[in-house]
Amino acid sequence: MSKPTPDLDALRLKMVQDQLGRRDITDPRVLEAMRTVPRHLFVPQDLVHMAYWDGPLAIGEGQTISQPYIVALMTQLMHLQGDEKVLEIGCGSGYQAAVLALLARSVLTIERHAVLADRARERLKALGYDNVRVHIGDGSVGMPAEAPFDGILITAGAPDIPLTLKEQVAPGGRIVAPVGRLDNQVLEVLEHRGRTWHVERSIPVMFVPLIGVHGWDEREYDRGRWFT
Ligand code: SAM
């Protein structure tokens, strides 16, 4: 007898209720976006049945789509109102970019693995996320030609926040990023307040590393050890 097909839309609503609503995700716009974006279309075919579990999943190239809760928390920390131009560094599957696309005016997302970037671009286009552009390259240097951004979201673990990224954020804008060591980081929120930056620390996290000029050297990490 064949297994019944899971009702993925129902699983998504349950994920939002159980994993987000019962934690500290309270922004109604973020909750609605998480109810809307079909996460199961951003994971590999053989992992669709796990798309709404409370954890990250492998997406190829040694990379991951982050846990739904982490995506929601980072999005909530961005404080988006709807008219922002956002830069995401670490496109991966394109899922986080899709969530941002529902909450901001436009999203530019950078991915260093061309295979992942091409896949994400096609997927986002097919799903009608017309306000997202996917760029292949080293996002640790940002995209000065497109600056200023109202917010920058880094979805890979950074040793610190490079000055060049700070310089690409408009006054009042934010940077949300996992910052710390290769094997564990803390989610940091930096707010651009005129001449100063206000820094807040959120929860401990474990992301795959940001590899690049202002990130880690690829040789410094043992591929496959990090999984978030
Ligand atoms: N946001 C993604 C999603 O929704 O699927 C998940 C991101 S995954 C945890 C981190 C991604 O950052 C990986 O795809 C990795 O290749 C990418 N990455 C790491 N260093 C990068 C860099 N310097 N520039 C662009 N992408 C980078």
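The two exercises below, each with a worked solution, concern a predicted model.

**Exercise 1.** Determine which residues of helix α5 are buried and where they lie around the helix axis.

*Solution.* Begin with the helix itself: α5 runs over residues 114-126, which makes 13 residues, and it reaches 18 Å from its first C-alpha to its last, close to the 18 Å expected at 1.5 Å a residue. Next, look for residues with under 20% relative accessible area, the cut-off for buried; in α5 these include L116, A117, A120, R123 and L124. These residues cover an arc of only 135 degrees around the axis, which puts them on the same side of α5. The general rule behind such a pattern is that an α-helix has 3.6 residues a turn, so residues three or four places apart point the same way. Then turn to the face of α5 directed away from the buried side, where the exposed residues E122, K125 and A126 are found. Finally, ask what covers the buried residues of α5: among the covering elements are β1 (57-60), β2 (63-65), α4 (95-101), β4 (106-111) and β5 (132-136).

**Exercise 2.** Decide whether L77 is buried or exposed, and find which residues it contacts beyond its neighbours within four places in sequence.

*Solution.* First locate the residue, which belongs to helix α3 (residues 68-77). The relative accessibility of L77 is 16%, and therefore L77 counts as buried. Leaving aside neighbours within four places in sequence, L77 is in contact with R174, V176, L187, V189 and S202.

Key: Residues are numbered from 1 along each chain as its sequence is written. This is a predicted model: local features need pLDDT of at least 70, side-chain atom pairs count only at pLDDT 80 or more; totals for chains, interfaces and linings use all residues. Side-chain values use heavy atoms; hydrogens and water are left out. Helices (H or I, at least four residues) and strands (E, at least two) are DSSP runs, numbered from the N terminus. The expected span of a helix is 1.5 Å times one less than its number of residues. Buried means under 20% relative accessible area, exposed over 50%, partly exposed in between (1.4 Å probe, protein chains only). The arc is that of the directions from the helix axis to the C-beta atoms. Contact means heavy atoms within 4.5 Å.
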